[in-house]
Amino acid sequence: MIDLLSVDFMQRALIAALLVGTVAPMVGIFLVQRRLSLIGDGMGHVALAGVAIGLVSGTAPVLTALVAAVIAAVVIELLRARGRTNGDVALAVIFYGGIAGGVVIISKSSSGTPANLMKYLFGSILTTQRTDLYVFAGLALLISLTTWALRPRLFAVANDEEYARAVGLPVLPLNIVLAVLTATTVVVAMRVVGLLLISALMIVPNAASQLVAKSFSGGLRWAIAFGLVSSVGGVALSYPLDTPSGGTIVLLAVALFVVTAVVTGVMARVGGRRHDVAETHPHEHGAECGHPAVTHGDHVDYVHDGHLHAAHEGHYDEHGVHHAGVPEPAGTTSGPPAATSGPTTGPTSGPTTGARP
């Protein structure tokens, strides 16, 4: 890692990866909510046309790509809002037209070589210049601030447009803002992972975060964490492995998703099976069973042979040794007490074990 940081182009590459890994999941989480996971690919197609215009006209390709992608984003949202054509059809026409136009226009440029085209399609982070970093940093800051400021409203619209409209939120302007943020993110990331792969960095970290997060805000934090590990880790790995940085970043993101899915799946199975059973016996505890009932958190335990038992799925769980001062009627036990295995908290003062029902 020290060797990486001593090389100028790797320093720039890592900074660019840090920026992209932060902002891409921030925008992507709203696309996942709206089930527009592949819109980043389409924006990349249109951005390619902007790159081609920049190469032909001698203008900075990043700026022309940004203009083209933003215009396409606004047009798509207006078409979708007016409902004059199917949203998927509108997306397809604009996206395929964009990539076809980009290929044709770039062929007329003296710098439109296949190698030049490939670095925009699949990324060429190692060619990132200092001026590129300034542009990327400015755009990334704009994306971050806008997303953070509007996140409650963007979430409301992405989650339920009809409800958001009913409570008075400006749905169309917010959708246009999200589309513009998506277009800007695509342009920021095109030199890092490429126009054809940027959608993966917006979506895959969010897919992984949904497996572990309990809330939207938690999902956003996890998504950014996964995005940073994928982008920075992918760039760091691509240097010693001598592999394309864009492909390495996406493969690492996919690997993190697979590992997260496996680990959470195993934990869910183990957690579902981990159950300490006190005993099974024919006696059914209840209001008339003769065993005192003791409130224990959100349920009722029955004092049985000095232990707290709670009914659960056809058997009784051990919830601790009874020390609450409630006498147990004599002659009501039906089996030996189950062994306790560890301390828990509750209304008792002695060691307790078991899982609550």
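Buried here means under 20% relative accessible area (exposed is over 50%, partly exposed in between; 1.4 Å probe, protein chains only). Helices are DSSP runs of H or I with at least four residues, numbered from the N terminus.

Ground rules for myself: this is a predicted model, so I take local features at pLDDT of at least 70 and side-chain atom pairs at pLDDT 80 or more, while totals for chains, interfaces and linings use all residues. Numbering runs from 1 along each chain as its sequence is written, and side-chain values use heavy atoms, without hydrogens and water.

Then I looked at the partner. The axes of α3 and α9 (residues 171-189) come within 9 Å and cross at roughly 65°; axes are lines fitted to C-alpha atoms over the stretch in contact, with angles from 0 to 180 degrees between N-to-C directions. From α3, Ile39, Gly40, Met43, Gly44 and Ala47 meet Ala179, Thr182, Ala183 and Val186 of α9 (contact: heavy atoms within 4.5 Å).

I stayed on α9 for asparagine 175. Asparagine 175 is buried at 3% relative accessible area. Leaving out residues up to four places away in sequence, asparagine 175 touches Arg34, Glu77, Arg80, Val157 and Glu161.

Definitions and conventions:
Helix = DSSP H or I, 4+ residues; strand = E, 2+ residues; numbered from the N terminus.
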